[in-house]
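Please keep the sequence and the structure in view while reading.

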Amino acid sequence: MSRRYDSRTTIFSPEGRLYQVEYAMEAIGNAGSAIGILSKDGVVLVGEKKVTSKLLQTSTSTEKMYKIDDHVACAVAGIMSDANILINTARVQAQRYTFAYQEPMPVEQLVQSLCDTKQGYTQFGGLRPFGVSFLFAGWDKNYGFQLYMSDPSGNYGGWKSAAVGANNQAAQSMLKQDYKDDITREEAVQLALKVLSKTMDSTSLTSDKLELAEVFLTPGGKVKYQVCSPDSLSKLLVKYGVTQPAAETS
Amino acid sequence: MECVFGLVGNGFSILVADTSAVHSILVHKSNEDKIMVLDSHKLIAASGESGDRVQFTEFIQKNVSLYQFRNGIPLTTAAAANFTRGELATALRKSPYMVNILMAGFDKETGPSLYYLDYIATLHKVDKAAFGYGSYFALSMMDRHFHSGMSVEEAIELVDKCIIEIRSRLVVAPPNFVIKIVDKDGAREHAWRETVKETTAPPSA
């Protein structure tokens, strides 16, 4: 096509497209998928891990899920190093808000603020866009539980359930079929695991290939972000029939 | 000398301010409204250097409006008070705003509240507060007569007691006061207490 309009992000092609932004979205289409589902009593985020070496220190680092503030977390899909920069930016923005207002930053405002940063890289500076899509999950007193998806263009939307990364179209249509408005958090976990298992390339799903995190309210009313441990995740995968239980050794 | 004071009652907050604009020994006007309506459910009463007073309170008011336009939701009184304090604090070590502020508001979830902010960026959430020479009298009267959960009538009685003390005991007492109230129905002017009326026509020959 018009390759001469590829080199600068800050110009339109004659057809009115921003190629670098589109290429960024292509890059994300090859990355590990992530799914988010909004339920009445929480938000569920599930991610497919691409790096699955036994040598990886899973207890201390996560690949897909990150906590932005006490009341907001996100799942990433795309270039990890780009994601790290944006996650740090989001964390600073959240703290800056709390410093000024002594209140947690409303989730949509945080997403909007980060997306404004992303948009800047599509308009000026001559720098390439970030090759990351996010799924933000959080709670605030204005709108309760919320799920937002954002992409390299700086666009974002509020969703009941969304998918990013590899096979996100297939995942999204599966979610559209099975999602119901009054879904509970437990049902949402089940749905997310089911959909992810169908869209992932690997033949067998084990807990070391996935990450699962939930954002919910404790009985005391505080927002909690919890990453599922590998053991509980394995049990859940068996419970929902996504993996076969380990064979009994005779 | 400027007098500003306020208190929290049962489901409402009240702010009272004198209404004289003074320059050295000259009284420019005695109907200057020093209590600004910050948004539908917040009031801000300011005393101090007159240029700073208007400039700073308008700046805060416009920022509060901007937040609401941008985000579709209003700031809580606590958030607005903390934001204001932050602005005072940032300017403090450069070019301080010589303004003392009482911010009163009503939030649906938390009810009425009153915040004390002085010109060196102190912030306190309080039930009653006062600034200026009149504070010596107003605070003493409130210490004696205030109790939490007062009705509007009881609160206005206490306000009038404070005004009487200020008028009778302060050597250069301001003659007129404005009283504003904020409750679940919003922020509005409640009453004036005038002893000197601004003249609009020259005296008849």
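## Report on selected features

A:Phe99 has a relative accessible area of 66% and is therefore exposed, since values over 50% count as exposed. The model under discussion is a predicted one. A:Phe99 belongs to helix 2 of chain A. Between A:Phe99 and A:Gly158 there are 59 residues of separation in sequence, and their C-alpha atoms are 26 Å apart in space.

**Two helices of chain A**

Two packed helices are described by the angle between their axes and the distance between the axes. Helix 2 (residues 80–101) of chain A packs with helix 3 (residues 107–120) of chain A at an angle of about 130 degrees, and their axes are 10 Å apart. Helix 2 of chain A is therefore oblique to helix 3 of chain A. The crossing of helix 2 of chain A past helix 3 of chain A is right-handed. On the side of helix 2 of chain A, the contact is made by A:Leu86, A:Thr89, A:Ala90, A:Gln93, A:Ala94 and A:Tyr97. Helix 3 of chain A contributes A:Gln109, A:Leu110, A:Ser113, A:Leu114, A:Thr117 and A:Lys118. The residues of this contact between helix 2 and helix 3 of chain A comprise six nonpolar, five polar and one charged.

**Strands of chain A**

Strand 6 (residues 144–150) of chain A is mostly covered, as seven of its seven residues are buried. Strand 6 of chain A takes part in two hairpins, described in turn below. With strand 5 (residues 132–140) of chain A, strand 6 of chain A pairs in the antiparallel sense over seven bridges. Three residues lie between strand 5 and strand 6 of chain A in their hairpin. A:Leu135 has A:Met149 in strand 6 of chain A as its bridge partner. With strand 7 (residues 156–158) of chain A, strand 6 of chain A pairs in the antiparallel sense over three bridges. In the hairpin of strand 6 and strand 7 of chain A, five residues lie between the strands, and A:Gly154 in the turn has a positive phi of about 95 degrees. A:Ser150 stands opposite A:Tyr156 in strand 7 of chain A.

Chain A also has an open sheet of five strands in the order 8-1-2-9-10, with antiparallel pairing. Its edge strands are strand 8 (161–164) and strand 10 (223–227) of chain A, each of which pairs on one side only. On average, neighbouring strands of this sheet are turned by 10 degrees against each other, direction ignored. Strand 1 (residues 34–39) of chain A pairs with strand 8 of chain A in the antiparallel sense over four bridges, and A:Gly36 stands opposite A:Ala162 in strand 8 of chain A. Helix 4 (residues 168–178) of chain A packs on the sheet and touches strand 1 and strand 8 of chain A. The direction of helix 4 of chain A makes about 165 degrees with that of strand 8 of chain A.

**The sheet of chain B**

In chain B, an open sheet of five strands has the order 5-6-7-8-9, and the pairing is antiparallel. Strand 5 and strand 9 of chain B each have a single partner strand, so one side of each is left without a neighbour in the sheet. The twist from one strand to the next averages 25 degrees. Strand 6 (residues 42–48) and strand 7 (residues 99–107) of chain B run antiparallel and are joined by seven bridges. B:Lys42 has B:Gly105 in strand 7 of chain B as its bridge partner. Helix 1 (residues 50–71) of chain B packs on the sheet, touching strand 5, strand 6 and strand 7 of chain B. Helix 2 (residues 77–92) of chain B lies across strand 6, strand 7, strand 8 (111–117) and strand 9 of chain B, at about 160 degrees to strand 7 of chain B.

| Residue | Relative accessible area | State |
|---|---|---|
| B:His28 | 53% | exposed |
| B:Lys34 | 4% | buried |
| B:Lys125 | 56% | exposed |

B:His28 lies in strand 4 (residues 26–29) of chain B. Beyond four places in sequence, B:His28 touches B:Ala21 and B:His23. B:Lys34 is placed in the loop between strand 4 and strand 5 (35–39) of chain B. Leaving aside neighbours within four places in sequence, the contacts of B:Lys34 include B:Glu2, B:Asp18 and B:Arg53. B:Lys125 is found in strand 9 (residues 123–126) of chain B.

Note on methods: Residues numbered from 1 in each chain as written. Chains lettered and ligands numbered in written order. Predicted model: local features only at pLDDT ≥ 70, side-chain atom pairs only at ≥ 80, totals over all residues. Heavy atoms only, no water. Buried < 20%, exposed > 50% of the residue type's maximum accessible area, 1.4 Å probe, protein only. Pairing = 2+ DSSP bridges. Contact = heavy atoms within 4.5 Å. Axes fitted to C-alpha atoms, helices over the stretch in contact; angles between N-to-C directions. Parallel < 35°, antiparallel > 145°, perpendicular 65-115°, else oblique. Left-handed = near helix turned anticlockwise from the far one by under 90°. Nonpolar A, V, L, I, M, F, W, Y, C, P; charged D, E, K, R; others polar.
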